[in-house]
Amino acid sequence: MSALIEAEGLTRTFEVSAGMFKTKRLLHAVNGVDLVVERGDVLGIVGESGCGKSTLARMLLGLVPPTHGTVRIDGIALERMDRRERARRVQPVFQDPYSSLNPRRTIQSIVEFPLVVHGIGTTAQRRDRAIEMLARVGLPERLAGHSAGQLSGGQRQRVAIARALVMNPEVVVCDEPTSALDVSVQAQILNLLMDLKREFNLTYVFISHNLAVVEHIATQVAVMYLGRIVEFNDAPSLFAAPRHPYTRALLASVLTPEPGLGIPDMGLGLSFPDPTRPPSGCGFHPRCSQRMQVCDNRVPGLSACDGAAGKVACHLYTEIPATQP
Ligand code: SF4
């Protein structure tokens, strides 16, 4: 296996207006993220709404430029690729197939659109490719002339997946691809994604608030909190033996299949902090039951510990004495 996606020091800061006087504040949506995804892996990225996982997904797609840091696909920095090269290598599947597909356009025109934009093939070749991709995602040719508005949510997400794969990409970034769908359809779409991964030798980045889904599909998992990765491990190790207190709270939570509800009460007490005013030190310290004095002032780095697999960003696993600020 070889590294296909590498993110180094990836940081994205937005200026937002807040409060009665619309004071400008900086929001560190993604803060110094390092990642390596091997070819053929499925990296699950989990965390609460506002933790930065969707911004990170858009940076991996080249849709949001980083404030600092870089993303490389197969050793080539995204900013050095032209649009066609980037589209050939990385494609998205977004959360809501109702808003991500124009309801008035035909299914065929939606699926072949990336080929049209990048000037690939003749009209007949593009049509054939679109029909072929529809078949691969389980949609019959007779639907090609239907408009997206005539399809169910599950069928629309199949169209979105066909559109993502029509350029034959190496990486697909899936941002909550099943959370807007009925529960009965979610498993079908997940199984389809796994079948397509094997068939096309794909590498996935899979964003989700639903840990049950991530456990089902991911080979590696990154847990995000306030723009940082706080734990990274292979999926079996992370789910069997979570180390960061936040990961443990996530796993202990009762997950919901309801879209839009996010992660329900995790017994963490305080709600998710305002990302424009992050806590000092460890960003999780106001909610952490194992907080120490050092946690209030010192940001824990993401590092390996005890010779075990994976990395964790928590002072419980560092050599710093608990009394040292
Ligand atoms: Fe809790 Fe401290 Fe670890 Fe943060 S660094 S998760 S506050 S124990």
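Hi everyone. By class, 20 nonpolar, 11 polar and 3 charged residues make up the lining of the largest pocket. Please keep in mind that this is a predicted model.

Let's stay with that pocket. The largest pocket has a volume of about 570 Å³. Among the 34 residues lining the largest pocket, Asn31, Gly32, Gly227, Arg228 and Ile229 are the closest to its centre. Two elements, strand 2 (23-38) and strand 10 (228-234), each give two or more residues to this lining. The largest share comes from strand 2, with 9 residues.

Now the second largest pocket, which holds about 450 Å³ of space. Its lining has 15 residues, and the closest to the centre are Leu63, Ala87, Gln91, Pro92 and His118. Helix 2 (83-89), strand 6 (90-93), helix 3 (107-117) and helix 5 (153-165) each contribute two or more residues to that lining. By class, we find 10 nonpolar, 2 polar and 3 charged residues there.

On to charges: how many salt bridges does the structure hold? There are 18 salt bridges. One of them joins the side chains of Asp74 and Arg39, at 3.3 Å from N to O. This pair links distant parts of the chain, 35 residues apart, with Asp74 in the loop between strands 4 and 5 and Arg39 in the loop between strands 2 and 3. Asp74 is partly exposed, at 35% relative accessibility, and Arg39 is partly exposed too, at 27%.

Another salt bridge pairs Arg198 with Asp195, whose closest N and O atoms are 2.8 Å apart. Both residues lie in helix 6, about one turn apart. Arg198 counts as exposed, with 60% relative accessibility, while Asp195 is partly exposed at 41%. Finally, shared partners join Arg39, Asp74, Glu85, Arg88, Arg89 and Glu170 into one salt-bridge network.

Methods: Residues numbered from 1 in each chain as written. Predicted model: local features only at pLDDT ≥ 70, side-chain atom pairs only at ≥ 80, totals over all residues. Heavy atoms only, no water. 1 Å grid on protein atoms, 1.4 Å probe; cavity = no way out; pocket = protein on both sides within 12 Å on 5 of 7 lines; lining within 4 Å. Points joined across faces, edges and corners; volume = space filled by probe spheres on them. Helix = DSSP H or I, 4+ residues; strand = E, 2+ residues; numbered from the N terminus. Nonpolar A, V, L, I, M, F, W, Y, C, P; charged D, E, K, R; others polar. Salt bridge = Lys/Arg side-chain N within 4 Å of Asp/Glu carboxyl O. Buried < 20%, exposed > 50% of the residue type's maximum accessible area, 1.4 Å probe, protein only.
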